[in-house]
Amino acid sequence: MRQFTVEKTASRGIAAAPAYLYQEPDLSAETDCITEEQEENEILLFEKAKVSVSNELNLLAEKNDIFAAHLEIAEDFTLSEGVLSRIRNEHKNVQLALQETVEELALIFDSMEDAYMKERAADIRDVGKRFMAQLKGTQRPDLAQISREVIVVAKDLFPSDTVKMNPDYIKGIITEEGGITSHVSIIARSMGIPALVGVGKLLDSLQNGIEVCMDAENGVICIEPDHDTLREFQEKKEQFEKRQAYLEELRNQPAITRDGKKIALCANVGNLEDIERALPMNLDGIGLFRSELLYMENDHFPSEEEQFQVYKAAAELCPQELTIRTLDIGGDKELAYFDFDKEENPFLGWRAIRISLDMKDVFKAQLRAILRASAFGHVRIMFPMIISLEELRAAEELTTQCMEELEQEGMDFDRNIEIGMMIETPASVMLAEEFAKEVDFFSIGTNDLTQYLLAVDRGNRKVADRYSYFHPAVVKAIAAVIAAGHQEGIKVGMCGEMAGDPNATLLLLDLGLDEFSMSAGNLDYIREKILSL
Ligand code: PEP
Ligand code: MG
């Protein structure tokens with residue numbers, strides 16, 4: 001028997017079953033170069049593969065939105081251009097041209113610090129594999145064929161593998177790589193399949209059929225469990241299932257502490273699909289709509305109209321507040337279609353509101369789109385990374401300008417739209433009393449606030465043990481911000497990861513936090529915690 005603990009629980013649950021080792025065929029490119037005469041043939045092979053891939057994805061897209069996004073990647077101009085130019089200009093064969101183009105695009109996302117964006121690289125690579133399988137005429141293993149209970153163990157899984165899984169047979173998923181916001185994790189959560197991801201090297205030491213137990217609540221994997229351990233896992237599984245049923249029942253209850261304080265429970269989202277997934281959790285609204293995803297998934301700055309359509313759909317979907325954060329790009333969040341100059345310290349560089357205020361046309365297009373969407377629901381505007389009253393006022397002034405323009409154009413919008421700001425810089429903490437006089441709400445972004453207050457890079461593994469939102473400096477900052485907000489009678493929420501950590505709930509309630517906004521997967525647990533306090 002071997003037992004070890006792992007960090008990343010992608011989908012909670014307990015499972016015990018024989019291992020199914022998922023191994024991909026060799027999908028690496030042949031590396032031959034081609035002559036000029038062969039170019040047209042290679043291009044033809046690419047075009048044929050593109051038609052087949054598009055057909056496959058069109059069918060899949062009817063069942064799952066993720067494949068609509070994959071279809072867009074497959075048909076994207078940047079992908080085709082990259083492949084064709086490598087064939088024509090660098091005389092690479094189609095396989096090599098494809099492999100290099102996919103890797104180049106995936107690396108752009110890989111290098112982003114935002115975990116969600118980072119894992120979009122997996123989607124690009126998934127599409128790349130689909131193309132490569134076509135070009136090589138090979139079949140990828142099909143998890144849909146599994147008809148006995150197993151735990152799938154893989155290096156990594158792609159959405160197209162995961163979506164075909166039958167949860168009656170696939171009792172658990174363990175991957176050596178991958179993160180908790182990857183689509184694989186999202187799909188596993190939505191199917192209720194327990195999943196542990198990013199567990200490190202495992203496949204080499206396993207054989208097909210070997211018994212595996214996994215506790216994706218506490219992050220434990222046990223290989224070849226003895227009789228007692230197996231029974232222990234079975235008992236844990238039963239308890240877990242009872243708890244899940246109980247948590248689902250709790251969703252009907254508003255989050256009110258036992259001494260009567262109502263706490264708003266909201267979700268952080270990046271797109272419309274996230275909102276749809278979060279709604280069944282009985283939300284009080286969307287506390288953070290990360291609008292940058294809309295910019296990052298595009299190949300151009302989305303126009304006012306393009307943004308309006310998305311924000312309007314979001315407002316219509318969401319019966320309560322929808323807090324749209326204006327563009328939070330820069331640092332390491334790049335845009336494929338915009339050249340950011342290299343910076344010595346990107347996190348202290350041209351980011352978020354700084355970019356918006358410097359690129360007024362881009363900012364105004366977004367503000368106008370948000371304002372127009374406010375005619376269709378309870379929309380709020382939130383500015384990221386503010387450090388001074390001048391910045392806040394400049395952003396507000398532009399908002400007023402947009403309102404006046406829309407007024408003149410006869411467009412409808414909410415004239416009393418609430419305007420708030422994120423508290424995620426030490427300067428905004430120090431000036432919280434002044435800011436509180438000028439905005440309608442605060443939302444504390446502990447992810448950045450922790451890194452800036454402690455001077456600890458939030459994405460650097462070497463200093464990860466020093467990165468903690470329980471650090472007294474962070475806690476004192478949060479306390480001061482909540483007090484400053486309440487002094488001026490405004491609501492103070494939190495949309496950093498701390499809000500979704502049950503270990504922090506009591507502390508945050510005690511400090512008087514009004515609204516907790518988090519990824520949907522944490523909502524049930526925070527509700528349970530609040531109801532118990
Ligand atoms: C934060 O900084 O806490 C936050 C919510 O914003 P992001 O994680 O998108 O930087
Ligand atoms: Mg932030």
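Ala, Val, Leu, Ile, Met, Phe, Trp, Tyr, Cys and Pro count as nonpolar here, Asp, Glu, Lys and Arg as charged, and the others, Gly among them, as polar. With that in hand, welcome to a set of close-up views of a predicted model.

**View 1. The largest cavity and its lining.** The structure holds 2 cavities of 30 Å³ or more, and the largest cavity has about 100 Å³ of space. Its lining is made up of 15 residues. To find your way to its centre, look for Arg290, Arg325, Asn447, Asp448 and Arg458, which lie nearest to that point. Strand 10 and helix 18 are the elements that give two or more residues to this lining. By class, the lining of the largest cavity has 9 charged residues, along with 3 polar and 3 nonpolar ones.

**View 2. Ligand 1 in its place.**

**View 3. Polar contacts to ligand 1.** Zoom in on the side chains that reach the oxygen atoms of ligand 1. In the side chain of Arg325, an N or O atom is 2.8 Å from an oxygen atom of the ligand. For Arg458, a polar side-chain atom lies 2.8 Å from an oxygen atom of ligand 1. Glu424 takes part as well, with a side-chain N or O atom 3.0 Å from an oxygen atom of ligand 1. How much of the accessible area of ligand 1 does the protein cover? On its own the ligand has 280 Å² of such area, and the protein covers 99% of this.

**View 4. The second largest cavity.** This cavity contains about 30 Å³ of space. Which residues line the second largest cavity? They are Arg380, Phe441, Phe442, Lys491, Val492, Gly493 and Glu515. Strand 14 (residues 441-444) and strand 15 (residues 491-494) are the elements that give two or more residues to this lining. Strand 15 gives the most, with 3 residues. The classes here come to 3 charged, 3 nonpolar and 1 polar.

**View 5. The second largest pocket.** Finally, turn to an open site. The second largest pocket has about 1200 Å³ of space, and 44 residues line it. Nearest to its centre lie Ala69, Glu72, Ile73, Arg120 and Glu297, which make handy landmarks when you explore the model. By class, the pocket lining has 25 nonpolar, 11 charged and 8 polar residues.

Terms used: Residues are numbered from 1 along each chain as its sequence is written. Chains are lettered from A and ligands numbered from 1 in the order in which they are written. This is a predicted model: local features need pLDDT of at least 70, side-chain atom pairs count only at pLDDT 80 or more; totals for chains, interfaces and linings use all residues. Side-chain values use heavy atoms; hydrogens and water are left out. A polar contact is a pair of N or O atoms within 3.5 Å; within protein, one must be able to donate a hydrogen and the other to accept it, and residues adjacent in sequence count only if both atoms are side-chain atoms. Accessible areas come from the Shrake-Rupley method with a 1.4 Å probe; for residues, only the protein chains shown count as cover. On a 1 Å grid over the protein atoms alone, a cavity is a set of points where a 1.4 Å probe fits but cannot get out, and a pocket is an open set with protein on both sides within 12 Å along at least five of seven lines; lining residues have an atom within 4 Å of a point. Grid points are joined across faces, edges and corners, and a volume is the space filled by probe spheres set on the points. Helices (H or I, at least four residues) and strands (E, at least two) are DSSP runs, numbered from the N terminus.
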